[in-house]
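I opened the notebook to look up side-chain pairings, cores and charges in this structure. The entries follow the order in which I checked them.

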Amino acid sequence: MTKALNITRIVICLIFSLSIKLMAQNTISDMSLNWPSSIKGSTHELAMNGDYIYITGQNMDHVAKMDYDGTIEYFKMPDGSGPHGILFDKHDQLWVSLEFKGVVVRLDEKGEIVEEIDCHVSGDGISTPINTSPHGIGLDADGETIWFTGKRTSTVGKINPDRSVEHFELPALGAVPIYLHAGPDGNVWGTELLTSKILQVTPKGEVTEYSIPTGNSRPIAIKPDPLGDYMWFTEEAGNKVGRIDMNGNIDEFSVPSTQKNQILAGLTFDSQGNLWVQSYVDQNNPNPEGNDYIIKFDRSILRAPAGDLTNVEITYYKVPTSKTVMHRIKEGKDGNIYFTELKQDKLGKVTIATAIETVK
């Protein structure tokens with residue numbers, strides 16, 4: 001660890017009066033996914049089930065299946081289909097959104113497509129069906145209805161258990177919806193990247209939007225609060241995490257960063273209720289160069305006063321690889337934290353361990 005980095009950490013602590021831990025390097029690691037493709041730099045989403053971790057390689061047109069020992073096999077998707085979103089439903093069935101093809105598909109245990117749902121918008125007055133570009137997919141509270149973001153059409157869609165598809169327009173044009181997740185209120189919540197809004201959609205398709213206080217914040221991922229009654233989201237450009245209640249009231253918390261060109265990606269909660277966030281150097285604004293981090297916020301953030309991290313312990317894990325452009329993060333079945341590095345085509349892992357250094 002460099003002297004400059006230590007000084008930066010101390011300055012952060014003095015400014016924010018926070019308790020920050022710097023973790024041993026051997027508590028975090030990453031490994032190359034070695035996609036069987038000449039195309040590189042497009043590792044995206046994660047899903048986990050039983051003994052395996054599934055990862056989408058969008059531009060590589062593959063889905064990877066990896067066990068916890070690191071053994072990988074690859075499922076080839078149709079050429080140019082662009083696999084992105086991925087999840088398991090309550091029936092333990094694996095679903096993947098093929099964004100470029102405009103469909104959501106179900107895979108069997110061998111990675112074969114056994115079901116395909118067309119997510120194009122069609123109907124009277126539409127001469128050619130429009131590809132909604134199903135980007136993120138999320139489960140309804142029932143565990144089997146699948147919602148998808150129409151990234152291209154400023155819509156959200158719903159695939160019902162009978163496989164019928166419904167499309168719902170967002171009030172804002174050019175919203176670029178990214179991520180969806182069921183909330184504690186029985187509705188589905190999502191992020192709108194370009195309008196900097198949080199969306200709420202009822203099972204009947206009634207959409208409400210809530211503006212994030214920070215303008216041009218570019219929200220990315222959204223997850224339910226472990227204790228209920230809230231959703232949490234990351235602001236890529238705002239460099240904040242947000243907390244929204246079921247009535248649309250939003251609190252924001254600034255994420256202490258090591259440099260001004262640090263931005264955020266995904267977030268997740270572990271089984272203890274701690275919040276984990278991806279923070280990396282913006283490769284569209286790469287100077288100065290620096291390290292990328294996985295940041296853990298103690299569960300006390302769940303009910304912290306708006307904007308106040310004074311009594312929230314924050315732990316930084318420096319990612320071994322730089323220029324990662326991290327994308328998604330989830331807790332594995334083994335209790336460790338796994339994350340994707342989009343540009344480096346790696347899967348990272350935080351092994352929970354004891355801090356070697358504490359800065360007060």
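I count a residue as buried when its relative accessible area is under 20%, as exposed when over 50%, and as partly exposed in between. With that rule W35, at 4% relative accessibility, goes down as buried. The model is a predicted one, and I took up local features only where pLDDT was at least 70.

**Entry: aromatic pairs**

I searched the whole structure and got 10 aromatic pairs. I noted W35 with Y74: the ring centres are 5.9 Å apart, and the planes stand at 55 degrees, a tilted pair. W35 is in the loop between β2 (28-32) and β3 (43-49), while Y74 is in strand β6 (residues 72-76), so the pair ties together parts 39 residues apart in sequence. Y74 is partly exposed, at a relative accessible area of 28%.

I then looked at Y293 and Y316. Their ring centres are 5.6 Å apart and their planes are at 85 degrees, so I wrote the pair down as edge-to-face. This pair links distant parts of the chain, with Y293 in strand β25 (residues 293-297) and Y316 in strand β26 (residues 314-318), 23 residues apart. I found both Y293 and Y316 buried.

**Entry: around Y54**

I asked which residues are joined by ring pairs into a cluster. They are Y52, Y54 and F88. Y54 belongs to strand β4 (residues 52-57). Its relative accessible area is 8%, so I list Y54 as buried. I checked the contacts of Y54 beyond four places in sequence; among them are E45, L46, V63, A64, K65, F75, F88 and L94. For Y54 and A64, 10 residues apart along the chain, the C-alpha atoms are separated by 5.5 Å. K65 also concerns Y52: the charged end of K65 sits over the ring of Y52, 4.2 Å from its centre.

**Entry: nonpolar cores**

I looked for the largest nonpolar core and found that it has 37 residues. The residues with the most contacts inside it are W189, W232, V241, I244, L275, F297 and I301. I followed F297 and left out residues up to four places away in sequence; F297 touches V255, N274, L275, V277, L309, V312, E313 and I314. There is a second, separate core of 16 residues, which includes Y280, I294, M326 and I329.

**Entry: salt bridges**

I counted 12 salt bridges. K101 makes one with E116, and the closest N and O atoms are 3.3 Å apart. K101 is in the loop between β8 (94-98) and β9 (103-107) and E116 is in strand β10 (residues 113-118), so this pair ties together parts 15 residues apart in sequence. Both ends are partly exposed: K101 has a relative accessible area of 34%, and E116 has 40% relative accessibility.

Next I looked at E236 and R218, a salt bridge whose closest N and O atoms are 2.6 Å apart. E236 is in the loop between β20 (230-235) and β21 (240-245), and R218 is in the loop between β18 (207-211) and β19 (219-224), so the bridge ties together parts 18 residues apart in sequence. E236 is buried, at 15% relative accessibility, whereas R218 is partly exposed, at 25%.

R243 is buried, with a relative accessible area of 5%, while D251 is partly exposed, at 24%. I also noted a network of salt bridges that links R106, E115 and R163.

**Entry: a charge without a salt bridge**

Side chains of opposite charge can pair when their charged atoms come close. I wanted to know why E341 has no salt bridge. A salt bridge needs a side-chain nitrogen of Lys or Arg within 4 Å of a carboxyl oxygen. The nearest side chain of opposite charge to E341 is K346, which is 5.3 Å away, so no salt bridge is counted for this residue. I placed E341 in strand β28 (residues 337-341). Beyond four places in sequence, E341 touches D30, T43, V319, T321, T324, V325, M326, K346 and G348.

Notes
Residues are numbered from 1 along each chain as its sequence is written. This is a predicted model: local features need pLDDT of at least 70, side-chain atom pairs count only at pLDDT 80 or more; totals for chains, interfaces and linings use all residues. Side-chain values use heavy atoms; hydrogens and water are left out. Rings of Phe, Tyr and Trp (its six-membered ring) pair if their centres lie within 6.5 Å; planes under 30 degrees apart count as stacked, over 60 as edge-to-face and the rest as tilted. Helices (H or I, at least four residues) and strands (E, at least two) are DSSP runs, numbered from the N terminus. Buried means under 20% relative accessible area, exposed over 50%, partly exposed in between (1.4 Å probe, protein chains only). A charge sits over a ring if NZ of Lys or CZ of Arg is within 6 Å of the ring centre and within 35 degrees of the ring normal. A nonpolar core is a set of buried Ala, Val, Leu, Ile, Met, Phe, Trp, Tyr and Cys residues joined through side-chain atoms within 4.5 Å. Contact means heavy atoms within 4.5 Å. Lys and Arg count as positive and Asp and Glu as negative; His and the chain ends are not counted.
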